[in-house]
Amino acid sequence: MEETPEDITALFVQFSNDGDADAVASLYDEDATMGYPAGQVTQGREAIRELWAQVLAHRPTFAAEDPLPTLYYGEDLALTSTAPRDGAGARAQVVRKQADGSWVRIIDMPEFAPVEE
């Protein structure tokens, strides 16, 4: 069970490296929104599962990234983020605590780069 918001990131890496799109999708709320692929929005757990099934079919390897400090809003909302090793700029997720104490992603921006002027 995801006991802390940061657990989701570690489980995402594990499930992705296992090639398990169903398990990856379980980390998301039923109505979650993901800003991926770049410039697009993927809405809902089933669409997120389908997207990750396509991505994971190519057997990419994911590495754990050090989390940046988690920001909390009350006891049941949090913003998690990591500084990517792949130069994607940043990763950020809004997560919500469930009634059973686990956490799920409700908004996920897996990669974005700062706008250059």
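Colleague: Which residue follows H1, and what is its phi like?
Modeller: In this predicted model, H1 is followed by Gly 19, whose phi is positive and lies near 75 degrees.

Colleague: And which residues of H1 are buried?
Modeller: Helix H1 covers residues 5-17, and its buried residues are Pro 5, Ile 8, Thr 9, Leu 11, Phe 12, Val 13, Phe 15 and Ser 16.

Colleague: Which members of the largest nonpolar core touch the most other members?
Modeller: That core has 20 residues, and those that touch the most other members are Val 24, Leu 27, Tyr 28, Met 34 and Trp 52. At least two residues of this core come from each of H1, helix H2 (21-25), strand E1 (28-34) and helix H3 (45-56).

Colleague: Which element gives the most to it?
Modeller: H3 does, with 5 residues.

Colleague: Back to Val 24, what is it in contact with, leaving aside neighbours within four places in sequence?
Modeller: With those neighbours left aside, Val 24 is in contact with Phe 12, Phe 15 and Ser 16, and also with Trp 52 and Leu 56. Phe 12, Phe 15 and Ser 16 are among the buried residues of H1.

Colleague: Why is Asp 76 called partly exposed?
Modeller: Because its relative accessible area is 40%, which falls between the 20% limit for buried and the 50% limit for exposed.

Colleague: What does Asp 76 contact beyond four places in sequence?
Modeller: Leaving aside its neighbours within four places, Asp 76 is in contact with Val 95, Arg 96, Lys 97 and Trp 103.

How values were computed
Residues numbered from 1 in each chain as written. Predicted model: local features only at pLDDT ≥ 70, side-chain atom pairs only at ≥ 80, totals over all residues. Heavy atoms only, no water. Buried < 20%, exposed > 50% of the residue type's maximum accessible area, 1.4 Å probe, protein only. Contact = heavy atoms within 4.5 Å. Helix = DSSP H or I, 4+ residues; strand = E, 2+ residues; numbered from the N terminus. Core = buried A, V, L, I, M, F, W, Y, C linked by side-chain atoms within 4.5 Å.
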